[in-house]
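Work through these exercises on helix packing with the model at hand. Each task is followed by its solution.

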Amino acid sequence: MTSIEEKPQEKTEKTLLYKPLYPPSPDITKKVETKEDAFKFIKTLDEHLLSNNGYVLFEKIIQFIFENPVLGYYAFPHYIKLTDTTKIPYFNFVRYLVIYAPFQTLPNGFLEVIISRTIDVIKHHLKRDTLDDTDAVLYECYQILIHAISSKPEIEKLILKDSDDIFSPLIGKDPLQFKDLRKTLHLLLDQLKEKNGILTNLLNNLKKIEIDCAKSIFEKKRTKHEFCGMENCGATCYINSAIQQLHANKDFREWVLKSDSKGSHAVLKTLFERMNHEESYVTTKDVIQNVLGDGKSIETGIQDDSYLFLTNLLESIREENASDVKSYQIIINSTLKCTKCGTSRTSSENSSSIRIDCVHSDTFEDALLKMTEEESVSGVECQNCKERTEHTKTLTFSTPEVLIIGINHNKTSEGGINYKLNKYFEFPLALNWNNENMELSGIILHSGNVNAGHYTSIIKGDNGRWWKCNDKIVVEYNERRIKEDSYGSQSNSLSASVLFYKKSVEKVCKESEEEKNEEFLSHLLPMWSDDLLYKDLEKMHTETWILMVLWYGGDPSKFTDYENMKFDANKEENMTTISALKKYGLPKSIVETIEGKHSFKYVKNMIQFLCSNNEGKSWVLECLLKMTTIQTTQRQHFAIASLIEMLPNDVTPTKDSINVLEKLCNTPNINEDMYLILLNTLNVCQVTSLENNFITQTLLLYKNVSNISKCYPSLKKSLTKYTILTDISPVLNSFVDSYSNEKDQQKRGEWKDFIVSTIKRLPQEINQKVVAYSLNHFSTDELVCALTD
């Protein structure tokens, strides 16, 4: 028997199945002594910077550059030629140049040259390029200045010289929109010794904006061009991005809102209704898990593909409605032709989208051609030949109202690993589809890899302006950034994942002056979401602008000591501002308190300031009473009642206020919230400003209120106040009747306690009348005993 000798297994070196190919780092082990070697080094470093996603040994490379004088002579001027179009990796390199370069051993002027170039970039930077959060140019410039001051404090003089240009994005007509960018500029401001002087100049510039524009500047009003943010419930950005695109389609949105259905359609309808009514963003965690319908619960902590989610959602809605989804129906015709006899047959299927492959296609046109090009299919049964033959297959597509095109970036390596292929892939902003002109109306962007990343949506509004929806945050988007953000590159994972094209429609848009003013000034709102700016304003004691911030949407809670902040009613500047702002109604801070967005403690001092004179008291009461027809929920009415209670007790009601009160009095089936508004109004008005009949009628309205207990304190206060003006005995006797007729022992006890505690606060003669009336009803009773005790 022969034995088989086992051969030892050969050791194989373990290699990565997929590894990105980046240009090598320049050699920093050999000295650079010639001009040719210097330019070769610079070329290698350029390629390395542009392709390595930040994996650069900055400190060692910069030290090497300055250890080799010839290299430093050519490299330094090469990298500091900063302009507004310089690529971000070069800015990034200059930032580290400021950090690691040995300026203390270099001749004077090296660092100053870098700072001058950086400030020039800031000064000439296009203001409208700051609309979104991807303005890395400004971020790098601010970082360069911050590190320069740390390296050499004398640099502050250069910065102060151009401080207006550098810091105007904090407060001005073109403010920075995003927190991180604003925070970086604040960090630079904090490095300067002359911070207060700069803030004073900025505030003076701000005062140049006319008060008549204040409504447009500060009001957080939704316009037809704006969109609403969506809460991210863990990893639901892929859902939010898709739903934003659907909601932006007016025809589809109206169809969803008008239709009655269950499952995913009902969830989408709920989300659309919220998005139509909310100002900033909507909560989604209570419904988002069921957005794909019954039995298809979504795990909100796991990210998925936005295109697949979108197609699954539209398919679920189609199945639930047993009809095609409005706007997104695309018919795919598949034609099979026998190569032997020429017989062809066509079948059709409905879809909501198509998907192209950018992995194996270099251009958008090439990817579309690959979808429609003829392909051979073997073994297909030919009905004419009565046998299986070779066929050709071709696809054609109909033209939907909105064409959805998914872009596949996923590739599988030889080892079976799935990864996202980062590459440049350009698509048109307009295309001709079946001889129909279509224009780009939306893009879903993705950054990251196949396992983790982030989705955002950019959407073209009705008037041609673009918006970026990043979960809760919605900002205006610069159309010029589409190429940079959507086409992708080898070194950038941010690229388009889904495209939306809609049929072109010629529109004649003529905006009113008010709309133009809003569009021009609406992007100033981020100033009043800037926590650091609030603190600076508070320190500067700029009362007038604090008032304007609060009037048009500012957040009182951002001030460190707002509760103790006092506004000087005698200051002419303050009163001029208030007089101009009154025509726009109550301060937004008060309105948002009624809506439940702020605590009552944040409006008390504002109300005190507004009520510093008789005219102000009357105006505030009138505005609050008129709010009862705008704010319609019971909770909002209780809030209005609480605010009225804060007013002084000597208000003279206006004619309009009395008209509102009379309408409330005549409201059938009045609830305790409305009754409390009436009572609190009686309590703050001057005793002689209302007619006796109206006072009595109001007090007797308690009979129509189902739950009177919440109104007891205010009712007691009204009785005490008006007892000197009118005979309230009929009202008190009515209380006794209510007590007598109450069957519920708990409520009966509440009535007894209320009547007894109220009577004890009134004159003796009124007390005697009530006791007499009670004895006529029942000779012995707990109420009689308590009253005669």
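**Exercise 1.** Describe how α12 and α15 pack.

Step 1. The axes of α12 and α15 lie 9 Å apart, at an angle of about 55 degrees. Axes are lines fitted to C-alpha atoms, for helices over the stretch in contact, and angles run from 0 to 180 degrees between N-to-C directions.

Step 2. α12 and α15 are therefore oblique to each other (under 35 degrees is roughly parallel, over 145 roughly antiparallel, 65 to 115 roughly perpendicular, the rest oblique).

Step 3. From α12, the residues Y238, I239, S241, A242, I243 and L246 meet S306, F309, L310, L313 and L314 of α15. Contact means heavy atoms within 4.5 Å.

Step 4. This contact has nine nonpolar residues, two polar and no charged (Ala, Val, Leu, Ile, Met, Phe, Trp, Tyr, Cys and Pro count as nonpolar, Asp, Glu, Lys and Arg as charged, the others, Gly among them, as polar).

The model is predicted: local features need pLDDT of at least 70, side-chain atom pairs pLDDT 80 or more, while totals for chains, interfaces and linings use all residues. Numbering starts from 1 along each chain as its sequence is written, and side-chain values use heavy atoms, without hydrogens and water.

**Exercise 2.** Which residues meet where α4 packs on α5?

Step 1. Helix α4 (residues 88-100) and helix α5 (residues 110-124) cross at roughly 145 degrees, their axes coming within 11 Å.

Step 2. F91, V94, L97 and V98 of α4 meet L111, I114 and V121 of α5.

Step 3. The contact of α4 with α5 has seven nonpolar residues, no polar and no charged.

Technical notes
Helix = DSSP H or I, 4+ residues; strand = E, 2+ residues; numbered from the N terminus.
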